[in-house]
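Trainee: I am new to this structure. Can we go through what the labels rest on?
Mentor: Let us take them one by one.

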Amino acid sequence: MSETALRICPFCEATCGLTLTIDDGRVTGARGDRDDVFSAGFICPKGASFGELDNDPDRLRSPLIRRDGVLTEATWDEAFAAMADGLGTAVRDHGGASVGVYLGNPNAHTVAGALYPPLIIRGLGTRQVFSASTLDQMPKHVSLGLMFGSPAAFLVPDLDRTDYLVIIGANPLVSNGSLATAADFPGKLRRLRKRGGRLVVIDPARTRTAELADRHLAPRPGTDAALLLAVVHVLFAENLVNLGSVADYVTGVDEVRALATDFAPEAVAGYCGVDADEITTLARELAAAPSAAVYGRMGTCTVEFGTLGSWLVDVVNVLTGNLDRPGGAMFPLSPVAAGPRGHRPGRGFRTGRWHSRVSGHPEVLSELPVAALPEEIETPGEGQIKAMITIAGNPVLSAPDGDRLDRALERVEFMVSVDPYLNETTRHADVILPPPPPSRSPHFDFALNGLAVRNNARYSPPALPLDGRPDEAEILSRIALVLYGIGYDADPALVDEQVIATTLAKETADEASPVAGRGVDELTAMLPAGPGYERRLDMMLRLGAYGDAFGARPDGLTLARLKAAPHGIDLGPLQPRLPDVLRTPSGKVELAPSQCVSDTARLRSKLDQRHDEYVLIGRRHLRSNNSWMHNLPALAGGSNRCTLRIHPADAAELGVTDTAIVKGPGGELVVPVELTEDIRRGVLSLPHGWGHSRAGTGQSLAASQPGVNANQLNDGSVLDPLSGTAVLNGIPVLVGPAVGPAA
Ligand SMILES: Nc1nc2c(c(=O)[nH]1)N[C@H]1C(S)=C(S)[C@@H](COP(=O)(O)OP(=O)(O)OC[C@H]3O[C@@H](n4cnc5c(=O)[nH]c(N)nc54)[C@H](O)[C@@H]3O)O[C@H]1N2
Ligand SMILES: Nc1nc2c(c(=O)[nH]1)N[C@H]1C(S)=C(S)[C@@H](COP(=O)(O)OP(=O)(O)OC[C@H]3O[C@@H](n4cnc5c(=O)[nH]c(N)nc54)[C@H](O)[C@@H]3O)O[C@H]1N2
Ligand code: SF4
Ligand SMILES: [Mo]
């Protein structure tokens with residue numbers, strides 16, 4: 001008997017609503033849910049492969065424990081006991097501060113990943129915290145923090161209403177969008193053009209997104225910050241600056257004007273590899289458009305000037321009057337974010353409250369750069385990492401110089417990984433605790449709702465029962481229980497109840513809260529019976545911007561209301577949110593933060609240097625996701641291949657035909673070549689997440705078509721200094737013909 005169940009897709013940031021087909025307790029199909037209020041039926045090949053991903057025979061079904069050096073299947077009780085023993089010993093012998101934590105990307109796509117890792121980190125009291133953010137969006141957090149006072153005050157392009165969209169270093173036709181949650185991003189771009197809007201794409205590669213554009217600028221990798229400063233230069237030089245309705249809330253305009261003086265289009269053209277005229281035209285069109293939005297992603301973040309580029313994206317949005325207005329760059333309002341509580345200055349955003357032990361990297365958002373993880377494990381001394389917890393991450397492939405991290409992880413005394421796969425990273429674990437597949441997990445987008453291009457709330461309870469295994473919330477709660485000294489076998493609900501008690505105590509004591517002055521017990525009693533994560537979600541929804549404030553706003557949102565609307569609740573188009581959103585010390589948008597101003601000098605010094613080396617950039621494939629989707633027949637093969645893309649003229653000049661050897665600061669690779677005119681000359685591209693050739697992993701199809709690890713070319717020594725983010729795009733490399741067959 002076939003049944004169906006609704007489930008938000010957790011495989012990328014688009015958060016599409018899916019209708020799963022279920023036969024005999026297994027997912028056998030997935031299609032787009034046409035009634036979903038946010039995605040209206042959109043689906044991509046990954047979502048369509050939900051069943052295959054869910055049923056992958058290589059997914060771990062029971063935990064693994066290392067016995068006599070070999071990872072072997074164990075019962076859950078044995079595995080939790082081994083986790084408690086290993087972590088307990090590490091904390092006793094070296095202190096919680098010696099335990100490193102790595103959080104990977106899927107934590108942004110699971111309920112458990114949103115709710116429990118902070119408690120684990122607090123339980124350890126460790127500063128050895130690393131995540132995929134310093135391989136990704138950390139520069140944006142920093143620029144938002146400095147400009148608006150909150151590192152989570154994300155601005156997204158108002159895709160449904162804008163007249164002019166500039167996409168820099170993003171390829172949403174393939175990635176389906178990032179830091180701008182928009183189901184059917186491709187359709188939204190097509191509709192933009194249909195309604196007479198214009199699309200400009202800035203990318204060294206002629207991507208599928210660039211193919212859709214009215215104009216494509218192909219700069220040299222790493223130079224967007226200079227290009228954007230030249231746009232700023234033109235805006236001032238031609239008197240095109242107009243802050244519009246936010247003028248009263250902006251400081252630092254004159255400093256930005258002064259900074260841009262040296263960055264005339266003619267001054268940056270050589271460095272950027274873009275004609276000065278093209279930059280001038282871009283600035284004029286941005287200023288003239290009825291509404292416009294500049295949107296930057298991976299290509300603006302994971303580069304030498306990642307924070308500067310991320311900052312300048314929004315500087316241009318401000319100077320052209322497009323901040324916080326319909327059709328411009330707007331702040332989403334998530335159903336779990338607080339509603340307006342009055343415009344009050346904040347403490348601002350600081351980094352560098354502590355520094356990494358070995359290289360002295362500043363802390364950013366209480367994290368250290370993942371590029372520094374190996375040295376923190378290798379280097380003896382106070383605070384050396386002796387044990388590791390990894391949750392939903394595969395840094396051996398996703399971070400620079402995986403070989404070094406691989407060797408380092410071999411040395412930790414104890415490692416526990418929460419991950420469904422035995423892969424390049426988790427093979428080092430002493431205990432692997434696999435969460436159930438997505439069909440058996442709940443879904444709510446705690447993080448991504450704050451990035452949605454249209455406000456909405458949707459919840460999927462687990463589509464299938466757990467069948468006796470713990471869910472990921474329970475797994476992570478039991479780790480937390482150990483670290484709080486309570487013991488792994490205590491009731492995991494204790495963890496959630498503690499959070500509820502603390503949160504409600506704080507809220508009821510806060511005069512600006514909608515529940516100010518009420519009783520914690522009264523509010524706690526109003527939460528529904530059920531799993532702890534649902535109680536917490538209900539609490540967050542009720543305290544949130546659209547919430548019922550525990551009865552004070554009777555029409556407001558509760559989890560019960562959300563459950564009664566299985567296709568979701570549309571919360572309308574984005575609304576202006578200034579000045580409430582601002583948490584800077586000045587209470588204004590700080591357009592010229594001192595950190596950004598200082599780093600501009602470093603950028604200026606680059607303008608006159610020679611730049612004639614070959615550089616490597618990355619790319620993504622539609623039927624893939626970072627390192628963990630190479631194991632599914634439906635997604636393997638076709639265009640999803642680990643090849644080195646190179647311009648035919650460059651290949652001819654280098655004598656490269658079918659196989660190349662590429663050497664970078666971190667190592668060398670032999671890789672099959674794909675000739676294409678869709679890439680700028682002097683630039684090569686390799687996808688990341690490949691290199692499944694290590695022994696002792698458990699993804700059989702991936703291992704049969706391993707590809708090479710692009711990050712092995714990178715030694716991780718070059719970081720964006722303001723955010724600690726590894727430079728992953730624009731790595732200098734040497735290329736030549738390979739002798740012998742490709743690996
Ligand atoms: N050269 C280069 N390197 C890059 C990038 C690049 O563009 N170029 N991109 C970077 C970016 S943007 C990112 S986000 C990082 C990603 O870096 P990571 O997050 O370290 O790597 P992923 O490959 O996403 O690994 C995700 C892991 O989560 C596991 N997983 C999947 N679902 C679940 C779940 O429900 N629960 C748990 N607990 N685990 C789960 C998978 O099995 C896998 O082991 O890679 C970065 N690395
Ligand atoms: N199908 C698929 N979807 C995914 C993922 C996946 O692996 N596969 N990964 C998910 C994750 S974790 C993330 S973070 C997002 C990323 O989402 P996007 O940022 O949209 O995806 P990328 O393909 O990394 O796009 C980066 C673009 O920047 C360009 N680029 C490189 N260097 C520069 C530069 O210096 N300047 C400019 N202007 N451009 C540059 C590259 O050519 C590339 O086209 O995608 C998510 N969605
Ligand atoms: S676009 Fe993303 S969220 Fe939508 S179906 Fe594909 S993988 Fe899932
Ligand atoms: Mo990412």
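Mentor: Start with ligand 1: a polar side-chain atom of N423 lies 2.8 Å from one of the ligand's oxygen atoms. Keep in mind that this model is predicted.

Trainee: What makes the pair of N423 and ligand 1 a polar contact?

Mentor: The cut-off is 3.5 Å between N or O atoms. The N423 pair is at 2.8 Å, so it counts. An N or O atom in the side chain of N626 is 3.3 Å from an oxygen atom of ligand 1, so that pair counts too. S398 uses a polar backbone atom, 2.7 Å from a nitrogen atom of ligand 1.

Trainee: How much of ligand 1 does the protein bury?

Mentor: Taken alone, ligand 1 exposes 920 Å². The protein buries 94% of that.

Trainee: Which residues are closest to ligand 1, and how does its shell divide?

Mentor: 28 residues surround ligand 1. The closest are Y102, N105, D419, E472 and S627. The shell divides into 13 nonpolar, 11 polar and four charged residues.

Trainee: Now ligand 2. Why is the pair of N625 and ligand 2 called a polar contact?

Mentor: A polar side-chain atom of N625 lies 3.2 Å from a nitrogen atom of ligand 2.

Trainee: What share of ligand 2 is buried?

Mentor: The protein buries 97% of the 920 Å² that ligand 2 exposes when taken alone.

Trainee: What makes up the shell around ligand 2?

Mentor: 30 residues surround ligand 2, with D203, G222, D224, R620 and H621 closest. The shell holds 11 nonpolar, 13 polar and six charged residues. Helices α7 (172-175) and α14 (298-301) each supply at least two residues of the shell.

Trainee: And ligand 3: what makes us say that it sits in a cavity?

Mentor: Sitting in a cavity takes more than half of a molecule's atoms within 2 Å of the cavity's grid points. Ligand 3 sits in the second largest cavity, so it passes that test. Residues around ligand 3 include C9, C12, C16 and C44. Its shell divides into seven nonpolar, three polar and one charged.

Trainee: How do you know that E376 and R357 form a salt bridge?

Mentor: Their closest N and O atoms are 2.9 Å apart. The limit is 4 Å, so the pair qualifies. E376 is in helix α16 (residues 373-378), and R357 is in the loop between β14 (329-330) and α16, 19 residues apart. By this rule the count comes to 40 salt bridges.

Trainee: What makes A40 worth a mention?

Mentor: A40 has a positive phi of about 45°, although it is not a glycine. A40 lies in the loop between β3 (26-32) and α1 (45-48). Most residues other than glycine have a negative phi, and most peptide bonds are trans.

Conventions:
Residues are numbered from 1 along each chain as its sequence is written. Chains are lettered from A and ligands numbered from 1 in the order in which they are written. This is a predicted model: local features need pLDDT of at least 70, side-chain atom pairs count only at pLDDT 80 or more; totals for chains, interfaces and linings use all residues. Side-chain values use heavy atoms; hydrogens and water are left out. A residue is near a molecule or strand if one of its heavy atoms lies within 4 Å of it. On a 1 Å grid over the protein atoms alone, a cavity is a set of points where a 1.4 Å probe fits but cannot get out, and a pocket is an open set with protein on both sides within 12 Å along at least five of seven lines; lining residues have an atom within 4 Å of a point. Ala, Val, Leu, Ile, Met, Phe, Trp, Tyr, Cys and Pro count as nonpolar, Asp, Glu, Lys and Arg as charged, and the others, Gly among them, as polar. A polar contact is a pair of N or O atoms within 3.5 Å; within protein, one must be able to donate a hydrogen and the other to accept it, and residues adjacent in sequence count only if both atoms are side-chain atoms. Accessible areas come from the Shrake-Rupley method with a 1.4 Å probe; for residues, only the protein chains shown count as cover. A salt bridge is a side-chain nitrogen of Lys or Arg within 4 Å of a carboxyl oxygen of Asp or Glu. Helices (H or I, at least four residues) and strands (E, at least two) are DSSP runs, numbered from the N terminus.
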